[in-house]
Amino acid sequence: MNKKTILITGAAGFIGSYISNYLTKYYDLILVDSLEYGGSRENLHENLRGQLIVENCNNKKKMQDLISEFHYCIHLAGISSLPENEINYSRALENNFMSTVNIYELCIQRGCELFLFASTSALYENNKIFPFKEVDEVSPDLMYSYSKNISENYLNFRSKKIDSIKTYSLRFFNVFGPNQNKHRKNPPLTAYLINCIESDCKAILYNNFPELKRDYIFVEDILNFIYKILNTDIKTLNSIETINITSGNSYSVLDIVNLVQEVYNKELDYEFSVPKNLWEKYKGITKKIPKERITKEVRKESYGSNHKILSVLGDDYTFTDMKDGLRRIKSIQLGNN
């Protein structure tokens, strides 16, 4: 029996490479990544690096010329850094919204059966009622979340047409795992802390509020969810669905600092700076948004309902907690050295 084919965009990024490296055992893969926003060939298994298509999903003609038929699509490509999106609105819309439109239309033309879209929990950034549910109204006011919101709106609109395909918007909460991009100006918290403790560098933190917590999910739990969806009878899937990709396990910055120190059996040198300085490495950003909005972002809480993701994984599924995830990261990254 011939393997089914999956198109994965953003395939050389943190989440994309983790998924690609695993799914290659079961599927034929078409891998696309522009390598402009943190993706690296080195994240992919050696046997996959040569088949990576280095191209931006915005290039509609190239996508048409290079990509033949496939059965499923996992669309992860985009700019995920909040300040990077604020600095250049046109670039953000091109890479987060228009790339989604282009790839979705390509999916329809190529006879794709299922479209999985990487959305974000940042859509809930102004919501106050916890836990966040997929049916809640959202009103994002930062460009990253706005671009994902209009992408979801487009997919919802498009799903009602006769030629549409099964479409799932996956609202990722804070994802952590090995090989996150630690070189961004504002890297993900866990990657940043691990890099600091391994390099004996002082960590500069901005959230000194132990009562403020956010949900985190280990990248392998996302992989397990996606694998389960891909192996579900396509006829039983809803035509359009939105799912919070969250474990329901919440941590404060200080919780994570303490767990990193425990797992690495080493004291982390750190100090706190004022929240409004979080994005100070991005010159001119305060001409776009006030410092008060940056402070609000630092002090944001984020708890999501995991009811829907458990309906796929199974009610008895156990998510990886932060401590076990950090242990996995340490083991994997030490093995790579």
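Helices (H or I, at least four residues) and strands (E, at least two) are taken here as DSSP runs, numbered from the N terminus. The model is predicted, so local features need pLDDT of at least 70 and side-chain atom pairs count only at pLDDT 80 or more, while totals for chains, interfaces and linings use all residues. Residues are numbered from 1 along each chain as its sequence is written, and side-chain values use heavy atoms, with hydrogens and water left out.

In the loop between β2 (28-32) and α2 (46-49) sits leucine 35, whose phi is near 60°, a positive value in a residue other than glycine. Proline 131, in turn, belongs to the loop between β5 (114-120) and α6 (143-158).

Next come the helix pairs. Axes are lines fitted to C-alpha atoms, for helices over the stretch in contact, with angles running from 0 to 180 degrees between N-to-C directions. Helix α1 (residues 14-23) packs on helix α8 (residues 219-230) at about 55°, the axes lying 10 Å apart. The two are therefore oblique to each other (under 35 degrees counts as roughly parallel, over 145 as roughly antiparallel, 65 to 115 as roughly perpendicular and the rest as oblique). On the contact (heavy atoms within 4.5 Å), α1 brings Phe14, Ile15, Tyr18, Ile19, Tyr22 and Leu23, and α8 brings Val219, Glu220, Leu223, Ile226, Tyr227 and Leu230. Sorted by class, that makes 11 nonpolar, no polar and one charged residues (Ala, Val, Leu, Ile, Met, Phe, Trp, Tyr, Cys and Pro count as nonpolar, Asp, Glu, Lys and Arg as charged, and the others, Gly among them, as polar).

Helix α7 (residues 189-199) and helix α9 (residues 253-264) have axes that come within 10 Å and cross at roughly 40°, which makes α7 oblique to α9. Leu189, Thr190, Leu193, Ile194, Ile197 and Glu198 of α7 meet Val253, Ile256, Val257, Val260, Gln261 and Tyr264 of α9. This contact splits into nine nonpolar, two polar and one charged.

The largest cavity has a volume of about 30 Å³, volume being the space filled by probe spheres set on the points. Its lining consists of Ser121, Ala122, Tyr124, Glu125, Phe132, Lys300, Glu301 and Ser302.

Terms used: 1 Å grid on protein atoms, 1.4 Å probe; cavity = no way out; pocket = protein on both sides within 12 Å on 5 of 7 lines; lining within 4 Å.
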